Amino acid sequence: MVIGASSAKTTEEATDTLTDRSAAAQLRRRLGRADLRAVPEVRRALRELLRHWGRPGRSEIAELLTSELVTNALIHTDRDAVLTATVSSRGLHVEVRDFVGRRPRLHAPSGDDGTHGRGLVLVQSLADAWGVRAHGVGKAVWFDLGADAA
């Protein structure tokens, strides 16, 4: 499995903007190279963003999936990455953009993989939608969660 970029010193930018008739809140964080301390920092920031969002359990799923994408970005590339999480009336959209063109590969982990190889399987299983979008330099791995999904 290949994904994302890396993390390190983060810059957080939380903004509330009005789009159409519904408010959207956004968390944007730059992830530097190879600093796994960014994973719990991102989880805390996302938890705060989602404090009043969705049915019980939805924010925990969002935290898990976000930490999987961020961890993949940190482990599988040697470049910076950018996390963007947007909450709107339609739900939550999270993406981690990196600057490495290699696309992630989804594979079923075997018993020999230990704790590796399950990130995208979790994303595929728990997200309402997910995917990989190519950019001019690199890619974005994203997922969507609806607030009311069971």
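Among contacts in this protein between residues at least 6 apart in sequence, 64% join residues at least 24 apart, a contact being heavy atoms within 4.5 Å. The structure is a predicted model, in which local features need pLDDT of at least 70 and side-chain atom pairs count only at pLDDT 80 or more, while totals for chains, interfaces and linings use all residues. Residues are numbered from 1 along each chain as its sequence is written, and side-chain values use heavy atoms, with hydrogens and water left out.

Let me turn to confidence. The mean pLDDT of the protein is 80, and 76% of its residues reach 70 or more; pLDDT is the predictor's confidence in each residue, from 0 to 100. Confidence is lowest in strand E1, residues 11–19, with a mean of 35, and highest in E6, at 97. Over residues 1–21 pLDDT stays under 50, and the model has 89 contacts beyond four places in sequence for them. Where pLDDT is low, the predicted coordinates should not be read in detail.

Next, the architecture. The protein has three helices and six strands, which run β-β-α-α-β-β-α-β-β from the N terminus on. Helices (H or I, at least four residues) and strands (E, at least two) are DSSP runs, numbered from the N terminus. Of the 150 residues, 45% are buried, that is, under 20% relative accessible area with a 1.4 Å probe, protein chains only.

What of the interior? The largest nonpolar core has 29 residues, of which Val70, Leu83, Leu92 and Phe143 touch the most other members. Such a core is a set of buried Ala, Val, Leu, Ile, Met, Phe, Trp, Tyr and Cys residues joined through side-chain atoms within 4.5 Å. H2 gives the most to this core, with six residues. Phe143 touches, among others beyond four places in sequence, Leu65, Leu69, Leu92, Val123 and Trp130.

Val123 brings us to helix H3, residues 119–126, whose buried residues are Gly119, Leu120 and Val123. They lie on the same side of H3 because they cover an arc of only 90° around the axis, taken from the directions from the helix axis to the C-beta atoms. Their cover includes helix H2, strand E5 and strand E6.

Conventions
Buried means under 20% relative accessible area, exposed over 50%, partly exposed in between (1.4 Å probe, protein chains only).
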